[in-house]
Amino acid sequence: MIVDGAQQEHALDEAFDYVVVGSGAAGATAAKVLSEAAASVAVVEDGPAIGTAQFRDQGFHTMRTLYRDGGAQITRGKAAIPVFQGRCLGGSTVVNSAIMWRLPDDVWATWRDGHGLGDALPLEALHSNWDRIERDLSVAPTPEEVWGGNNRLMAAAGAALGVRTAPMRRAVVACHGSARCQSGCPYGAKQSMALTYLPQAEARGAVLYVNAPADRVVMRGDRAETVTGRFAAGPPFRLHARRGVVVAASAIQTPGLLRRSGVRSPHLGRHFQAHPGASLVGVFDDPVGLWHGATQGFESDEHRVDGRFKVESVSVAPEFLMASLPGVGAPWLDWIGRADRMAMWAVDLRAHAEGRIGEGRAGPGIRFDLERRDAANLRAALAFVAEMLFAAGARSVLPGVHGLPEAIERPEDARLLREGPLDPRAYSMAMTHLFGTARMSVRPEAGVVGPDFAVHGTPNLYVVDSSVFPTNTGVNPQLSIMGLAMLAASRMVETRDG
Amino acid sequence: MIDTVLPGGAHPELPGAFDAGFPGFWEEFEATAPRRLRLGFRVGVLAATWVAPVLIGRPPPLGLYGRATRERALVAMASSRSPVLRSLLGIVKLVAALGYGAAPEVRRAIGYGGARP
């Protein structure tokens, strides 16, 4: 059952075994596992439920209806970086490109060796979960018939340069190649949580409350008892948790919810890590067809470890491509007029920088500043992408970096990017992958959440989203998040049964 | 402002923002855009009006000048040493693009929704 808080006229007071806050990758996975174990489950989602038929391919509408803060959430720091998060039933899985990466072994090794989490997060158990999730969501490499020009050119670049590239592994069934993942798949092909784990949990009795922003978890002693909030229509709700409260509100929202609930830890809201990204546009002689093919169908992890970045093809709606093009007036129109011959590839940077999430009257405040070494990695990454675009046949590359020419025409000029500014304000960045603000630790002094995913000192208040990750991952995190959430929920079930 | 950013008659295939129905988008934007974006756009327009001309040695406001000079002033703002000015112009361009890029005639002209190449 879905209960829409925008239509609720009366206060609500209900009890469940578990109350899950957040319906994205983590919350949906926890809800599915718990409901499969015959627990009664409520899922509380801040945003609305938007059906496949309601998705539109217009950027402004999409921003307003599917993204947090209407797509206007930004970091506060030296550079204001947009932070994109879904705010709807299914969370960011509705608006991402369904890219599925297992947590790399080298990253897991740093969690084991640097944070002592080898026993808490056994790799074998995680792989077993990932096996299951990949089966459930039909994860497979992007099939060639939906590569489209943007993705195909990256394959060509890899072959020309001898660089490792591969079709992305994605959670999609019968992709139409509409390049519209980020405004909600209009064909229901993307296996978002709104189409998979949430309906499966619902079928087992879970109640999905949408337009229902949770305000706090009411505690009694060391027990989490009740999730309270106010429906979008105004009346309050109180959802009592007989067994546990599961927080999966995202690395941005979770710290505030825990703070308002009385959780105190010097690590709460700290250690915020992310993958800032920036994109380059290549202009080709022939039509590319940026809007034909999988939104993000190809990638290169050639420098994932040594350069801390990954390269991804990306197709954005025409509005956002236009906004990224240089010039004003007639020169801007000149570039817009060549949009059909453009390819767009982006860098995901595994930044060293740590920021923090504070609380303001208008919601969370995200403080984040790239470190100098991150900026150095970013410019190296962009130079690499420029070389790839030229290798694929681009006539010019638009760096989008202040202080550099608006277009570079020769492959050797990729060096301009490599020698580019170290001031992050010179770059147009965006962030999507968010981690670490309630990190897991064996000792309470070192983190917020224990190896059992429960907040230290509060045995039935669990955090299962990427807040608990001790570091960023350097790869698209959805599958990692789901694997950890599945582990957490399975342990809750075992604990209950034990 | 929008007519300077995306002028009519400046491209053989692309209309200007006003011919592409920007006023209709603007009504929707004013009514429904996130507060932060609306505020950013207003401040951006203010800066473009009163600061951009100064960057090319002309007294403000921007509306005093013909299209070529207005365009030159905004280009100067786009490449200004001030990150704040650059960001503000970026917001003006983003809002312009949100309206313009959704227009069917613009999308047709750039190959959106057309046949696969």
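Guide: An angle between axes counts as roughly parallel under 35 degrees, as roughly antiparallel over 145, as roughly perpendicular from 65 to 115, and as oblique for the rest. The model discussed here is predicted.

Visitor: How are α5(B) and α6(B) placed relative to each other?
Guide: The axes of α5(B) and α6(B) lie 7 Å apart, and the angle between these helices is about 120°. The range for roughly perpendicular is 65 to 115, and roughly antiparallel begins over 145. The two helices, α5(B) and α6(B), are therefore oblique.

Visitor: Which residues of α6(B) does α5(B) meet?
Guide: The contact of α5(B) with α6(B) has five nonpolar residues, no polar ones and one charged. From α5(B) come Leu74(B), Met77(B) and Ala78(B), and on α6(B) they meet Leu85(B), Arg86(B) and Leu89(B).

Visitor: What is the hand of the crossing where α3(B) passes α6(B)?
Guide: Helix α3 of chain B spans residues 35–50 and helix α6 of chain B residues 83–100; they pack at about 115° with axes 8 Å apart. The crossing of α3(B) and α6(B) is left-handed.

Visitor: Which helix gives the most to the side of chain B that touches chain A?
Guide: Between the chains, 34 residues of chain B are in contact with 31 residues of chain A. On the chain B side, α1, α2, α3, α5 and α6 each supply at least two residues. By class, this side has 21 nonpolar, six polar and seven charged residues. With eight residues, the helix that gives the most is α6(B).

Visitor: Is strand β14 of chain A enclosed or open?
Guide: Phe309(A), Val311(A) and Ser313(A) point one way from β14(A), and Lys310(A) and Glu312(A) point the other way. A residue is buried if 20 or more other C-beta atoms lie within 10 Å of its own. Five of the five residues of β14(A) are buried, so the strand is largely enclosed.

Visitor: How many bridges join β14(A) to β15 of chain A?
Guide: β14(A) also pairs with β13 of chain A, antiparallel over two bridges, and there Glu299(A) stands opposite Glu312(A). In β15(A), Trp345(A) stands opposite Ser313(A). β14(A) and β15(A) run antiparallel, and the number of bridges joining them is five.

Visitor: Which strands of chain A stand at the edges, each with a single partner strand?
Guide: The open sheet has three strands in the order β4-β17-β16 (chain A), with mixed pairing. β16(A) and β17(A) pair antiparallel over five bridges, and Ile357(A) has Ile366(A) in β17(A) as its bridge partner. One side of each edge strand is left without a neighbour in the sheet, because each has a single partner; the edge strands are β4(A) and β16(A).

Visitor: Is Asn476(A) buried or exposed?
Guide: Asn476(A) sits in the loop between β20 and α12 of chain A. Its C-alpha atom is 9.9 Å from that of Asn96(A), although these residues are 380 residues apart along the chain. Beyond its neighbours within four places in sequence, Asn476(A) is in contact with Ile99(A), Trp101(A) and His433(A). It has 25 C-beta neighbours inside 10 Å, so Asn476(A) counts as buried.

Notes
Residues numbered from 1 in each chain as written. Chains lettered and ligands numbered in written order. Predicted model: local features only at pLDDT ≥ 70, side-chain atom pairs only at ≥ 80, totals over all residues. Axes fitted to C-alpha atoms, helices over the stretch in contact; angles between N-to-C directions. Helix = DSSP H or I, 4+ residues; strand = E, 2+ residues; numbered from the N terminus. Left-handed = near helix turned anticlockwise from the far one by under 90°. Buried ≥ 20, exposed ≤ 12 C-beta atoms within 10 Å, placed from the backbone. Pairing = 2+ DSSP bridges. Contact = placed C-beta atoms within 7 Å. Nonpolar A, V, L, I, M, F, W, Y, C, P; charged D, E, K, R; others polar.
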